[in-house]
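Dear colleague,

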2 protein chains.
Amino acid sequence: MAGSTAPRLKDVAQAANVSMSAASRILRGECDRFGEDTCERVLQVARELGWRRNLLVNGMQTGRTKMIGVMIPPYDSFWVDVLAGIHIVLAAADYLPITVWVGDCQEIPHFEKGDEQGLEQISRLLDRRVDGLILWPSFAVAYYSHFRELVEQRVPVVVIDHEFSEDQIADSIETDEQRSTKAVAEHLISLGHVNIACFSSRETAWQAWAVRRRESFEQVIKEHTGVEVKSWRLNQWGSNGVEVAEEILNQNPRPTAVFTVTDHEALFIYEAAASLGLRIPEDLSVVGFADLDFAAALQPPLTTMRQRPKEIGRRAAQLVLDRLDGEYSDSSPTTIRVGAELIVRGSTTQRI
Amino acid sequence: MAGSTAPRLKDVAQAANVSMSAASRILRGECDRFGEDTCERVLQVARELGWRRNLLVNGMQTGRTKMIGVMIPPYDSFWVDVLAGIHIVLAAADYLPITVWVGDCQEIPHFEKGDEQGLEQISRLLDRRVDGLILWPSFAVAYYSHFRELVEQRVPVVVIDHEFSEDQIADSIETDEQRSTKAVAEHLISLGHVNIACFSSRETAWQAWAVRRRESFEQVIKEHTGVEVKSWRLNQWGSNGVEVAEEILNQNPRPTAVFTVTDHEALFIYEAAASLGLRIPEDLSVVGFADLDFAAALQPPLTTMRQRPKEIGRRAAQLVLDRLDGEYSDSSPTTIRVGAELIVRGSTTQRI
DNA sequence: CCCAATGTTTCAAGTAGTTGAGCAGCTCAT
DNA sequence: ATGAGCTGCTCAACTACTTGAAACATTGGG
């Protein structure tokens with residue numbers, strides 16, 4: 001038995017005493033065109049030999065590999081959930097997602113380390129002729145020029161969290177930043193806060209969502225008279241979280257509420273507050289964004305906007321599938337905005 | 001331009017005025033067999049047309065797709081790190097990992113839901129002719145019988161965290177449970193604890209590691225006179241975490257230390273302790289296992305065994321690659337045991 | 001001027017399967 | 001008797017590319 005390779009259709013056909021075309025047709029389900037005994041025989045033999053369809057060949061012939069490339073690092077629970085949504089929808093359609101990312105996904109700066117590496121990863125996907133791509137902005141921006149090639153070759157591309165401002169050439173899906181930040185702002189204002197800080201992420205070119213989120217928040221706040229916002233952000237490498245948090249909390253007068261553009265930055269605020277002896281929420285209200293897995297377990301539990309990562313993933317996958325089905329193959333790129341929900345927990349309270 | 005498909009080798013060959021075989025050879029690097037101008041011309045044309053190698057065809061011809069199937073859910077930071085290790089090693093070897101899992105990876109019972117679904121996922125991988133498989137026990141047990149088929153077809157299989165007790169037919173890689181639990185036990189004993197509880201996971205058929213970890217811990221404790229262990233475990237669905245934790249803490253006499261087989265169970269102990277008004281570590285020492293991402297952020301920070309998930313992933317991937325290279329193609333299956341390190345944090349202290 | 005040696009390029013047969021067209025052989029109505 | 005229509009099956013061309021062997025062209029030596 002040693003070294004036997006996978007059984008081929010030829011083997012099945014020979015063993016069942018039919019032509020390859022007959023075997024092929026029967027195994028693909030065209031049973032009614034053949035005699036009942038022939039069908040039975042072929043199916044039986046195929047089962048015995050352990051034959052299985054070869055999607056490589058199918059892919060070569062039809063130009064459809066039933067594989068979708070996904071460039072998303074499982075960086076935190078948000079992205080893991082996005083991946084879960086993608087997997088569920090694609091699996092149901094007999095498609096296979098292939099996930100790649102650059103470098104070490106746990107260290108943020110790494111996955112922007114070199115567009116070259118990212119391009120290499122994309123190439124590894126395209127070399128295997130994936131039918132479509134789902135990308136996270138980190139990569140999307142750098143490969144903007146390559147999108148044209150993909151679009152021309154009718155490889156659908158869906159980008160998560162990064163609407164192209166210029167001429168949009170790929171579908172995009174993102175959290176509804178306007179409505180979300182409005183909910184955060186109104187929550188804080190209703191609690192009586194008038195001196196609010198906004199703690200943004202690094203806002204690199206890859207983080208268009210962070211810019212949109214901060215700007216949108218500032219915008220909403222400015223529409224309310226008597227309320228002030230001041231914004232901070234991480235440095236380029238995201239390495240000075242606690243320092244920025246301490247700087248925010250050392251302002252005079254100290255803001256009574258902080259909105260952080262993700263739950264990650266909220267952790268820095270918690271740490272800085274603890275080291276400065278400030279109590280949350282008595283001295284300081286904190287609102288995060290994302291509702292990551294650790295948000296509810298913090299002391300106090302973090303008030304945050306719950307995004308819908310699984311839905312984002314599901315809709316991204318569905319969008320790719322629809323484009324492949326030619327559903328609206330010629331309609332121009334769309335942007336889908338997914339809602340979010342304010343989860344009020346113990347980290348926000350009335351300004352005292 | 002609309003609808004143009006990916007450029008084929010034929011297109012390149014025609015445009016460069018050479019045969020397909022010439023183009024093929026030049027593009028695969030056999031430049032020296034051809035005239036310098038011809039080489040230049042072919043490479044130039046290929047670049048202009050945007051030609052890229054077609055690994056589908058390569059896979060068909062050589063029987064090697066350079067894809068490795070991975071059946072691991074990104075359930076928590078441990079598994080995400082395992083995946084990261086796998087990705088890094090495989091990417092470096094120009095292999096592509098394809099990750100699949102069953103159902104909704106965030107809800108534990110789900111990914112044991114139906115061996116049928118798991119088999120379907122494996123099939124989706126084998127249909128695409130992956131060169132090897134890396135599996136997590138959850139799936140491995142159910143497909144034990146199918147392993148033979150794979151072994152016979154020389155598809156290397158590496159299993160993580162589940163050594164087959166019977167006749168071992170697949171390579172296996174796991175955390176060194178004996179040495180790890182010994183370190184935990186000695187830590188607690190050195191702190192003077194003599195009444196220790198062990199909080200295990202569900203110990204279903206898929207969780208051989210949990211059984212080994214608990215038994216190993218009990219064993220080490222029993223070698224010390226004057227020290228007692230009693231063990232608990234979650235119910236079949238893992239839904240009664242806090243209840244079990246409260247039961248443990250309501251014992252009379254109450255254990256002064258609890259070892260939980262993963263950090264997840266430690267969360268239940270924290271919650272139960274808070275609701276019973278017990279202070280950690282003054283009233284109760286807690287040791288977890290895994291050093292998941294939230295462990296250090298808990299209040300107090302959790303003492304835990306830091307596993308080396310990235311190394312586990314790396315070695316699993318390397319093992320598959322070595323088997324494919326025929327390194328020790330005929331040597332019998334091995335079991336690799338990876339060490340772990342005790343990280344002492346604030347959740348353990350001297351028994352008072 | 002012819003043969004050999006070398007350099008450059010092509011032929012053709014694979015890889016594993018799919019699919020439109022077509023061909024036997026049979027029944028049945030005309 | 002014969003053509004139509006049917007069932008049951010096969011032929012051959014096609015997918016994109018690789019590769020061992022062979023062919024063509026050029027140059028140098030005898």
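Why is strand 6 (residues 195-200) of chain B largely enclosed by the rest of the structure? Five of the six residues of this strand are buried, so strand 6 of chain B is largely enclosed. A residue is called buried if 20 or more other C-beta atoms, placed from the backbone, lie within 10 Å of its own.

Please note that this is a predicted model, in which local features need pLDDT of at least 70, side-chain atom pairs count only at pLDDT 80 or more, and totals for chains, interfaces and linings use all residues. Residues are numbered from 1 along each chain as its sequence is written, while chains are lettered from A and ligands numbered from 1 in the order in which they are written.

Surroundings of strand 6 of chain B

Helices (H or I, at least four residues) and strands (E, at least two) are DSSP runs, numbered from the N terminus. Strand 6 of chain B runs parallel to strand 7 (residues 228-233) of chain B, and six bridges join them; two strands are said to pair if DSSP finds at least two bridges between them. In this pairing, B:Asn195 has B:Glu228 as its bridge partner. From strand 6 the chain passes through helix 10 (residues 208-222) of chain B to strand 7, a right-handed β-α-β crossover (with the strands pointing away from the viewer, the path from the first strand over the helix to the second runs clockwise). Strand 6 of chain B also pairs with strand 8 (residues 257-260) of chain B, in the parallel sense and over four bridges. There, B:Cys198 stands opposite B:Phe259.

The two chains

DNA strand C

Around DNA strand C there are 23 residues, of which A:Arg8, A:Leu9, A:Ser21, A:Ser24 and B:Ser21 come nearest (near means a C-beta atom, placed from the backbone, within 6 Å). Helix 2 of chain A contributes the largest share of this surface, four residues.

Yours sincerely

Terms used:
Buried ≥ 20, exposed ≤ 12 C-beta atoms within 10 Å, placed from the backbone.
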